[in-house]
Amino acid sequence: MKTVSCVGYGKLGKFVANALEKADLGVQIVDTNAAVAPVVFSSLSDTPTADAILLTLPGYAAIKAVVDACPASIMQGKTVLCLSTLTIDQSKELLPLVESKGAELIVGAVICHRDAVGTPASYIVYSGKEAAYATIKPIVDALQGAHNAGENIIGAPLMDYTASGVHYSYVLAFYTGVAMCRKYGLPMKTYLYHTLKSLPPLAEAAKRNIFIGLDDPRSFEEVDDVIHGMEMLVCLLKKSGAKAEIRDNEPRLKKINHALYQHWNDIMSVYAKQD
């Protein structure tokens, strides 16, 4: 493999393209904004022949539009690597669309921060046919941190869903704490220190809650403890004056999530008013 057509040169695309160039792979930038790089192609139809196509686009609509517009003659025999965030249903819809153009699809979920791509701190989960995965090994090696979730195309999106839930739930809780610090006068330095120090034991606790074995009856006890803990959090938030209404007509866990997201909007409005 010598050349890759990188479609999308935004927040993630820049780091991906830089990592490929550092690995001595030729990179063709395809973007609607001609000012993002010295040489930019407006569409895949305008690019010289490349060995693979890599997508880092903002949203499924843009991904589908690019694939729909690309002639089969350009995609034929190539592997398309999509590093954009996809839902499970979107990955299942994209697969036959790519295959109808004579290409193979590999989906990648970037679990790490985008600036870690191409470094030892990178963590990317891939899913798709093994033969197709083998053809993009130079790309995978350049981006580093590769983890193969198998041939089922939904493997990477499923991991992305889980990782995003963990990440954004923690971010939500973190900024809740920031707002509470300002409300009750706790020094921010103290809060930040203990927040960072608590990450390793929290990770261990999460592993204990998740990985004690699905065949072990205690698994269900652990899950119930987690749900109970979330319900207690909602009660605490309500007592603190945050909006955390639980809808009675929704399943137990969905009720809690709804309440927490209500709280997120409420606490962000409070946070935005602080100096």
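1. A crossover is right-handed if, with the strands pointing away from the viewer, the path from the first strand over the helix to the second runs clockwise. Strand 4, helix 4 (residues 88-99) and strand 5 form a β-α-β unit of this right-handed kind. Helices (H or I, at least four residues) and strands (E, at least two) are DSSP runs, numbered from the N terminus.

2. A word on the basis of this note. The model is predicted: local features need pLDDT of at least 70, side-chain atom pairs count only at pLDDT 80 or more, and totals for chains, interfaces and linings use all residues. Residues are numbered from 1 along each chain as its sequence is written, and side-chain values use heavy atoms, with hydrogens and water left out.

3. Seven strands form an open sheet, in the order 2-1-3-4-5-6-7, with mixed pairing. Its edge strands are strand 2 (26-30) and strand 7 (146-148), and each of these pairs on one side only. From one strand to the next, the twist averages 25°. Axes here are lines fitted to C-alpha atoms, for helices over the stretch in contact, and angles run from 0 to 180 degrees between N-to-C directions. Two strands count as paired if DSSP finds at least two bridges between them.

4. Which way do strand 1 and strand 2 pair? They pair in the parallel sense, over five bridges. Val 4 has Val 27 in strand 2 as its bridge partner.

5. Strand 3 (residues 52-55) runs parallel to strand 4, and four bridges join them. Ala 52 stands opposite Thr 79 in strand 4. Strand 4 also pairs with strand 5 in the parallel sense, again over four bridges. There, Leu 81 stands opposite Ile 106 in strand 5.

6. Now the side chains of strand 4. In a regular strand the side chains alternate between the two faces of the sheet. From strand 4 (residues 79-82), Thr 79 and Leu 81 point one way, while Val 80 and Cys 82 point the other way. All of these residues are buried. Buried means under 20% relative accessible area, exposed over 50%, and partly exposed in between (1.4 Å probe, protein chains only).

7. Val 7 sits in strand 1 (residues 3-7). Is Val 7 buried or exposed? Val 7 counts as buried because its relative accessibility is 4%. Val 7 touches Val 30, Leu 44, Ile 53, Leu 54, Leu 55, Thr 56, Leu 57 and Val 66, leaving out residues up to four places away in sequence. Contact here means heavy atoms within 4.5 Å. Val 7 and Ile 63 are 56 residues apart along the chain, and their C-alpha atoms are separated by 9.2 Å.

8. Where does Ser 122 lie? Ser 122 is in the loop between strand 5 (104-110) and strand 6 (124-128). Ser 122 has a relative accessible area of 4%, so it is buried. A polar atom of the Ser 122 side chain lies 3.0 Å from the backbone oxygen of Leu 143. A polar contact is a pair of N or O atoms within 3.5 Å; within protein, one must be able to donate a hydrogen and the other to accept it, and residues adjacent in sequence count only if both atoms are side-chain atoms. Residues up to four places away in sequence aside, Ser 122 touches Cys 112, Ala 116, Val 117, Leu 143, Gln 144 and Gly 145.

9. Asp 24 is not a glycine, yet has a positive phi of about 65°. Asp 24 lies in the loop between helix 1 (11-22) and strand 2. With a relative accessible area of 71%, Asp 24 is exposed. Gln 144 also has a positive phi of about 65° without being a glycine. Its loop runs between helix 6 (137-143) and strand 7. Gln 144 is partly exposed, at 29% relative accessibility.

10. Val 140 belongs to helix 6. Val 140 is buried, with a relative accessible area of 5%. Val 140 touches Tyr 126, Tyr 133 and Ala 146, not counting residues up to four places away in sequence. Leu 20 is 120 residues from Val 140 in sequence, but 9.3 Å away in space, C-alpha to C-alpha.

11. Last, the cysteines. How many disulfides does a search of the whole structure find? The search finds zero, a disulfide being a pair of cysteine sulfur atoms within 2.5 Å. Cys 70 is buried at 4% relative accessible area. Cys 181 is buried, with a relative accessible area of 4%.
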